[in-house]
Amino acid sequence: MRWQAPWGKHNPPTTHRGRNVAKAWGKGITQTDFFPVVLIKDPYSWMGSQCRHKYTAFWGHDENHCPNLIRWRVRDKDETAFVRVKYALEWAQYESLLDMWNKWYEEWDEQTFPHLTTRFEDLLFHGEEVTRAACDCVGGEFTDNFKYVEGSAKPQLTVHKGSNGLVKAMLQYGDPSKRLTGFSDRDRTYASKNMDMELMN
């Protein structure tokens, strides 16, 4: 098992699978033989995560105005804050952070090659059960050596500075009051109207 797809976990499959080789864990892998497991995170929680760790996404926001789906400085109309993302082979632009989430998972949903999509929250709160089901799905053999990792998955990487470990993640994502932290009323209205609800089923 590898922690990312050989074309890079933060790269869209349509434009990068078979065209890009990830710097880590990409060399020497036949990409058409690789079975990816895609984690889909609750969009509101995901946008909050992007506010803390934006990776290669760029949009108008600050600590007090994030996710800033509707530009907070524009008062006379609802204008979205465009997002530009640097992928390995290209730049992409999205109408908003929510549009980025929608398009990313819509693209994965349209892929015809085998892959497994599972909810991040299910893995977080029911890790052993979900891992067992995923193992069965791919014909693997589940062992009795399942262990939760309590620390941050990548504490040494600067981009992940301040990341949650298991307990903090459970407290963060298990508390419904934190789900909409940072969202303005206009952000919430925009999100409720523009969320791809098919992805939420």
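Biologist: Why is Tyr-55 called partly exposed?

Modeller: Its relative accessible area is 31%, and buried means under 20%, exposed over 50%, and partly exposed in between, with a 1.4 Å probe and protein chains only. Tyr-55 is therefore partly exposed. This is a predicted model, where local features need pLDDT of at least 70 and side-chain atom pairs count only at pLDDT 80 or more, while totals for chains, interfaces and linings use all residues. Residues are numbered from 1 along each chain as its sequence is written, and side-chain values use heavy atoms, leaving out hydrogens and water.

Biologist: What makes the phi of Tyr-55 worth a remark?

Modeller: Phi is near 55°, a positive value in a residue other than glycine. Most residues other than glycine have a negative phi. Tyr-55 sits in the loop between α2 and β2.

Biologist: Why is α2 called oblique to α3?

Modeller: The axes of α2 (residues 43–52) and α3 (residues 97–110) come within 10 Å and cross at roughly 120°. Angles under 35 degrees count as roughly parallel, over 145 as roughly antiparallel, 65 to 115 as roughly perpendicular and the rest as oblique, so α2 is oblique to α3.

Biologist: Which residues make the contact?

Modeller: Contact means heavy atoms within 4.5 Å. Pro-43, Trp-46, Met-47 and Gln-50 of α2 meet Leu-97, Leu-98, Met-100 and Trp-101 of α3. Seven of these residues are nonpolar, one is polar and none is charged.

Biologist: What is known of the peptide bond between Cys-66 and Pro-67?

Modeller: That bond is cis, with omega about 25°. Pro-67 lies in the loop between β2 (57–58) and β3.

Terms used:
Axes are lines fitted to C-alpha atoms, for helices over the stretch in contact, and angles run from 0 to 180 degrees between N-to-C directions. Helices (H or I, at least four residues) and strands (E, at least two) are DSSP runs, numbered from the N terminus. Ala, Val, Leu, Ile, Met, Phe, Trp, Tyr, Cys and Pro count as nonpolar, Asp, Glu, Lys and Arg as charged, and the others, Gly among them, as polar.
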